[in-house]
Amino acid sequence: MSLTAKDKNTVKTFWGKISGKAEDIGCDALSRMLVVYPQTKTYFSHWKDLSPGSAPVRKHGKTVMTGIGEAVGKIDDLVGGLITLSELHAFQLRVDPANFKILSHNILVVLAGMFPNDFTPEVHVSMDKFLSALALALSEKYR
Amino acid sequence: MVEWTDQERTLIANIFANLDYEDIGSKALARCLIVYPWTQRYFGGFGNLYNADAIMNNPMISAHGVKILHGLDRAVKNMDDIKNAYATLSELHSEKLHVDPDNFRLLSDCLSIVIASKMGYDFTPDLQAAWQKFLTVVVFALGRQYH
């Protein structure tokens, strides 16, 4: 299920529309993840406040979306382009890769809510494929 | 037995009280067939599924999406015994329709996304949590009679 040229174009075009709201998207997606999938809170026991929209959540949401933006720029070679991020997740953060799927789902839910007219089924499938490919690239160095 | 808080019961009842079955049902199934194209395997007799436009405008798919969405009604009416409420439907999906139960999860995800699309900011994290918990219980019940 690799990204076709059409998928890559769709992702880049859609990213162009939404990147202005990247911080809001990241904040909302992360907030939802922590509420809807409480087991994900285990990775953030060092934060003072895990409530939706809190300062650490907003800051981290921005970090995550910056990473995704970087991935859009490297869409032609996600594995090669994201080696450093993969090493970070594999050796330092050690996030169970199942959680990438969970966060991806919440990003898609937020995109649907914020951009109902642009997030058509065709954009949805390309974004889903992109986030899956991104998750795979992030897992590259795990073992 | 699944425990529901009062808040969860209220949130879910509200969703169904305001649910536009025609709109949401048809959109959710169409989206599922487009985003997860392998699900089209169950719809061989449903006419033109050639591309996204064809799927979104296919009246048989729309009608079936509405039918599926109404299938959730029995869960709302039997919140405290969803498992048994779906015993016969589970058998149907396993023995007659031969649907891989992973598809129930795929459709659930599309349903959540279509509802988020319609409700925007009103689809709060708490509402999403209650809704997804509800769907997870239904999905589990539907898969229970498979053997």
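**Exercise 1. Work out whether B:K118 is buried, partly exposed or exposed, and find its salt-bridge partner.**

Step 1. B:K118 has a relative accessibility of 47%. Buried means under 20% relative accessible area, exposed over 50%, and partly exposed in between (1.4 Å probe, protein chains only). B:K118 therefore counts as partly exposed.

Step 2. The partner is B:D20, with N to O at 3.6 Å. A salt bridge asks for a side-chain nitrogen of Lys or Arg within 4 Å of a carboxyl oxygen of Asp or Glu. B:D20 is partly exposed too, at 35%.

Step 3. Now place the two residues: B:K118 sits in helix 8 of chain B and B:D20 in the loop between helix 1 (6-17) and helix 2, so the pair ties together parts that are 98 residues apart in sequence. Helices here are DSSP runs (H or I, at least four residues), numbered from the N terminus.

A word on the model: it is predicted, so local features need pLDDT of at least 70 and side-chain atom pairs count only at pLDDT 80 or more, while totals for chains, interfaces and linings use all residues. Residues are numbered from 1 along each chain as its sequence is written, chains are lettered from A and ligands numbered from 1 in the order written, and side-chain values use heavy atoms, without hydrogens and water.

**Exercise 2. Describe how chain B meets chain A.**

Step 1. In contact (heavy atoms within 4.5 Å) are 20 residues of chain B and 21 residues of chain A.

Step 2. Look for pairs across the interface: the rule finds 0 salt bridges there, although the count over all chains is 14.

Step 3. Helix 9 of chain B gives the most to the side that touches chain A, with 5 residues.
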